[in-house]
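Subject: Structure for you to look over

Dear colleague,

I am passing on the structure that we spoke about, and below it you will find what came out of going through it. Please read the notes with the model open beside them.

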Amino acid sequence: MKIARREGTLITYALGSCVGITFYDPMIKLGALVHILLPEAGDNAAGNIFKFADTGIKETLRKLEVFGGVKSRYQCKIAGGAKMFEMSAGIGNIGERNVKMVEKVLAEEHIRVMAKDVGANYARTMLLDVTTGTVKVRTSGRNETIL
């Protein structure tokens, strides 16, 4: 998870089954990008809490508030959650599970997802331009998408 104010570009690479989430407060040009690997922390919360949707989103929101962000102004966009591999029974589609948990936690926090590029079977790179709030998604062999 990274935060920037007024200028710069936040980037996360290799969003396969992972989900990238951008938050942007246009009033103060404050942005954050968090890279979620798994839906829930469970007993692993002592490690990097940003890796998990249930803990990472809440901690990112807490840090944004410290920097002056106002939740009601956030523009939120998500990308990733692909089905990269066929998994054995019981594990299921981790990308789909990640997207569902991200959307659930954001709904609980009363944050609307303004745009998304999720699913399918290919990896993505996600960029947030903190000067403008523009979010781009790049994928090898495909046109760049602006969310």
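Strand 3 and strand 4, the latter covering residues 30–36, run antiparallel to each other and are joined over 7 bridges. Please keep in mind throughout that this is a predicted model. Within this pairing, Phe 23 has Ala 32 of strand 4 as its bridge partner, and the hairpin that the two strands make has 4 residues between them, among them Lys 29, whose phi is positive, near 50 degrees.

Strand 3 also pairs with strand 5 (residues 75–80), again in the antiparallel sense, here over 6 bridges, and in that pairing Gly 20 stands opposite Ala 79. How many of the residues of strand 3 are buried? The count is 7 of the 7 in residues 19–25, so the strand is largely enclosed by the rest of the structure. In a regular strand, side chains alternate between the two faces of the sheet.

An open sheet is formed by 4 strands in the order 2-7-8-9, with antiparallel pairing, and its edges are strand 2 and strand 9 (145–146), each of which pairs on one side only. Strand 8, residues 135–138, is joined to strand 9 over 2 bridges in the antiparallel sense, and there Val 137 stands opposite Thr 145.

Thr 125 belongs to this sheet as well, as its place is in strand 7 (residues 124–129). Is Thr 125 buried or exposed? With a relative accessible area of 17%, Thr 125 falls under the 20% cut-off and therefore counts as buried. Leaving out residues up to four places away in sequence, Thr 125 touches Ile 11, Thr 12, Tyr 13 and Ala 14, and also Lys 136, Val 137 and Arg 138.

Turning to the loops, Lys 71 lies between helix 1 (53–66) and strand 5. Lys 71 is partly exposed, its relative accessible area being 35%, and apart from neighbours within four places in sequence it is in contact with Glu 109 and Ile 111. Lys 58 is 13 residues away from Lys 71 in sequence, and their C-alpha atoms are 11 Å apart in space.

Two further loop residues may be worth a look on your screen, given their backbone angles. Arg 6, in the loop between strand 1 (2–5) and strand 2 (9–15), has a phi near 70 degrees, which is a positive value in a residue other than glycine; this arginine is exposed, with a relative accessible area of 55%. His 110, found in the loop between helix 2 (94–108) and strand 6 (113–118), likewise has a positive phi, near 60 degrees, without being a glycine, and His 110 is exposed with a relative accessible area of 72%.

Finally, here is the chain as a whole. It holds 2 helices and 9 strands, and reading along the sequence gives the pattern β-β-β-β-α-β-α-β-β-β-β. The radius of gyration is 14 Å, close to the 15 Å that the globule rule gives for 147 residues, so the chain is as compact as a globular protein of that length. Taken along the principal axes, the C-alpha atoms fill a box of roughly 45 × 40 × 25 Å.

Of the 147 residues, 44% count as buried, and among contacts between residues at least 6 apart in sequence, 65% join residues at least 24 apart.

With best wishes

Terms used:
Residues are numbered from 1 along each chain as its sequence is written. This is a predicted model: local features need pLDDT of at least 70, side-chain atom pairs count only at pLDDT 80 or more; totals for chains, interfaces and linings use all residues. Side-chain values use heavy atoms; hydrogens and water are left out. The radius of gyration is taken over C-alpha atoms; the globule rule is 2.2 Å times the number of residues to the power 0.38. Buried means under 20% relative accessible area, exposed over 50%, partly exposed in between (1.4 Å probe, protein chains only). Contact means heavy atoms within 4.5 Å. Two strands pair if DSSP finds at least two bridges between them.
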